[in-house]
Amino acid sequence: MADNSQLLAERKKRYFDCVELKKPDRVPIAPLAEFFPARLKNYTVKEVMYNHDLMSEAWLYYHEKYQPDQSQNPFRLRGFGPLLETLDFQHLKWAGHGLPDNMAYQFVELELLKVEEYDHFINDMSDFMLRRYIPRVCKSLAAFEKLPPFSAQFSYFWGLFWPTAFLDPEVAKAVESVREAALAGAKLLAAGRELEGKYQAAGFPPSSGGYTQAPFDTLSDVLRGTKGLMLDMRRCPDKIMAACEKILPLMINAALGAAKASGCPITFIPLHKCMDTFMSQAQFEKFYWPHFQELLQELCRNGLYPWVLVEGNCDNRLNSFRNVPEGKIVWHIEGSNLRKAKEAFRGVSCIRGNLPVSVLVMGSPDDVRAECKKILDLMKDDGGFIFDTGVNIGDARFENVDAMFDYVREHGVY
Amino acid sequence: MQELLNAVVELMEDEALALTKEYMEKGKSANEVFDVYKAALAEIGARFEKKEYFVPELILSGELIKAGSEIIKPYLTTGENSSGKPKLGKALIATVEGDIHDIGKNIAGMMMDIAGLEVMDLGVDVATDKIVNEAISWQPDIIGLSGLLTLAYDPMKMVVEGLKKEGLRDKIKVIIGGGQTDEHVRKYVGADIFATDAMVNVTFAQQVLGGR
């Protein structure tokens with residue numbers, strides 16, 4: 001039987017060799033699994049989203065079967081059915097809530113920060129979040145909109161009476177929902193920790209220990225909505241900059257805090273709205289890159305290793321992306337040109353990617369092997385490369401995932 | 001009216017809307033003013049094609065023409081026809097069943113509209129039968145099927161098969177679009193082309209319909 005602590009150390013070294021642009025023993029492989037492990041065990045998405053035991057069982061099975069070089073802990077991002085339900089969460093449609101039982105959840109575009117509320121957000125963010133954002137995104141906490149602003153509760157005497165706001169029956173009910181959500185969340189996190197322990201015992205290091213975003217993406221995804229923020233770029237550019245300035249420290253702290261709590265220094269950062277076709281290079285350089293670059297620099301300065309998923313085609317952004325600390329960041333390429341990425345990041349950053357998931361979903365194992373070969377031929381070189389898929393393998397055919405792992409493990413050896 | 005044209009093309013909302021109001025109050029022909037908007041949109045489309053404008057500008061121009069139309073509408077007399085050119089053809093667009101994403105579809109629809117197609121947008125998460133039934137009754141020249149996720153592949157394929165069953169496949173060009181579409185997906189679905197960029201649709205539409 002293999003010594004798993006050695007296996008764990010080997011896998012960690014394999015990954016960090018790549019990050020630091022050194023040659024590992026072989027090309028690591030650890031694709032984004034999404035709900036693929038549930039399909040392997042013939043569980044529906046809904047079953048694993050709600051049943052923590054089934055989720056742990058399926059994900060452990062997936063890891064043992066394929067032996068990826070990093071583990072994925074699905075609980076925070078996939079196993080949250082009971083929590084979403086308790087909060088009556090509006091930003092997602094999920095299995096049983098607007099989607100069939102065997103479909104992965106989907107993001108719903110919302111405008112939770114209205115354009116006229118920028119100043120409220122910028123000047124008193126906590127108040128905005130508690131009394132505007134949370135009530136809108138979590139319908140079961142809608143009554144928090146009725147709370148008075150806490151910033152106005154000065155003592156000694158008029159500040160004594162703020163608790164009366166909680167006598168409102170709807171507010172009291174919302175407080176009860178907070179308690180239920182806390183219990184659901186704690187159960188979820190405990191299941192996540194338990195699975196993490198099993199992964200480590202089986203020799204699988206975590207793929208990331210935290211999550212953060214470019215400030216522009218946070219503003220776009222969860223506050224203004226894609227359309228709202230695109231309009232703001234022309235209508236009120238200064239507000240975008242001021243809001244991103246406020247969001248940046250939160251994004252930094254989110255990553256630092258999660259890394260400290262998890263003990264894993266890798267931060268996952270998916271990029272959502274900076275694709276070449278979404279905005280001009282000038283707009284990218286003005287609105288997106290400065291805060292994002294600062295985020296990366298700050299994380300690296302604090303000993304973290306960002307793993308950036310570059311979604312869509314960002315060929316034109318590569319020359320900006322290369323202005324980052326050397327040997328710290330992994331650029332996970334989805335739709336950008338791998339050859340251009342290789343040129344841009346030479347001597348600067350490790351590249352991860354990018355087997356087209358269309359081949360895994362619709363192709364044959366031979367097609368998969370041919371694509372894997374193309375990628376390894378181009379990227380293997382002298383290290384600094386991690387094999388992955390462009391997006392997640394959720395809908396991939398089983399035999400194709402087998403073919404991908406087998407091929408890369410065999411031909412990825414240096 | 002060059003001033004209005006410039007204001008719309010440069011996306012100066014306040015100026016454009018103020019001018020529109022002024023023209024209407026001074027008794028200019030509603031159709032003429034509306035035609036200025038159309039000409040401006042064509043120029044905006046051209047700038048998008050030349051990569052001078054991007055999605056923010058397209059979305060803003062969509063908002064601007066909506067606001068402009070609201071000002072013009074009350075002045076349109078019944079029976080008055082736009083002096084616009086006849087439509088290039090008809091395009092039916094939808095995000096396929098199971099997928100709720102609409103940003104890409106909306107941009108594609110807008111660009112086809114600017115390019116002179118009559119566009120019918122069925123929305124998101126549209127059932128295969130509904131798309132096929134609309135194809136039977138509305139007889140589009142092009143069907144644009146959108147989907148961001150890999151789960152969209154099968155519903156796209158089912159639409160194409162539905163069209164075949166109804167004997168319509170040869171009469172209608174099928175475009176699939178979305179971040180996860182590529183040549184593999186096009187073949188699997190049986191579409192004519194795939195598009196990850198709104199201009200691909202327009203160029204394709206102009207190619208297949210322009211010569212008629």
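The model is predicted. In it, 20 residues of chain B are in contact with 27 residues of chain A. Within chain B, α2(B) and α4(B) pack at an angle of about 20°. In chain A, β6(A) is mostly covered.

**Contact between chains A and B**

- The contact joins 20 residues of chain B to 27 residues of chain A.
- On the chain B side, α4 (55–72) and α8 (183–189) each supply at least two residues.
- The largest share of that side, five residues, comes from α4(B).
- By class, the side of chain B that touches chain A has 12 nonpolar, five polar and three charged residues.

**Helices α2 and α4 of chain B**

- Helix α2(B) spans residues 13–25, and its axis lies 9 Å from that of α4(B).
- The angle between the two helices is about 20°. Angles under 35 degrees count as roughly parallel, and α2(B) and α4(B) are therefore roughly parallel to each other.
- Their crossing is right-handed.
- From α2(B), the contact uses Glu13(B), Ala16(B), Leu17(B), Thr20(B), Lys21(B) and Met24(B).
- From α4(B), the contact uses Leu64(B), Ala67(B), Gly68(B), Ile71(B) and Ile72(B).
- The residues of this helix contact divide into seven nonpolar, two polar and two charged.

- Strand β6(A) runs from residue 305 to 310, and six of its six residues are buried.
- In a regular strand, side chains alternate between the two faces of the sheet.
- Both faces of β6(A) are covered. On one side, Tyr305(A), Trp307(A) and Leu309(A) are buried. On the other, Pro306(A), Val308(A) and Val310(A) are buried.
- Strand β5(A), residues 266–271, pairs with β6(A) in the parallel sense over six bridges.
- Leu309(A) of β6(A) stands opposite Pro270(A).

**The three-stranded sheet of chain A**

- An open sheet of three strands has the order β2-β1-β3 in chain A, and its pairing is mixed.
- β2 (98–99) and β3 (106–107) of chain A stand at the edges. Each has a single partner strand, so one side of each is left without a neighbour in the sheet.
- Strand β1(A), residues 92–95, pairs with β3(A) in the antiparallel sense over two bridges.
- The bridge partner of Leu92(A) in β3(A) is Phe107(A).

Methods:
Residues numbered from 1 in each chain as written. Chains lettered and ligands numbered in written order. Predicted model: local features only at pLDDT ≥ 70, side-chain atom pairs only at ≥ 80, totals over all residues. Contact = placed C-beta atoms within 7 Å. Helix = DSSP H or I, 4+ residues; strand = E, 2+ residues; numbered from the N terminus. Nonpolar A, V, L, I, M, F, W, Y, C, P; charged D, E, K, R; others polar. Axes fitted to C-alpha atoms, helices over the stretch in contact; angles between N-to-C directions. Parallel < 35°, antiparallel > 145°, perpendicular 65-115°, else oblique. Left-handed = near helix turned anticlockwise from the far one by under 90°. Buried ≥ 20, exposed ≤ 12 C-beta atoms within 10 Å, placed from the backbone. Pairing = 2+ DSSP bridges.
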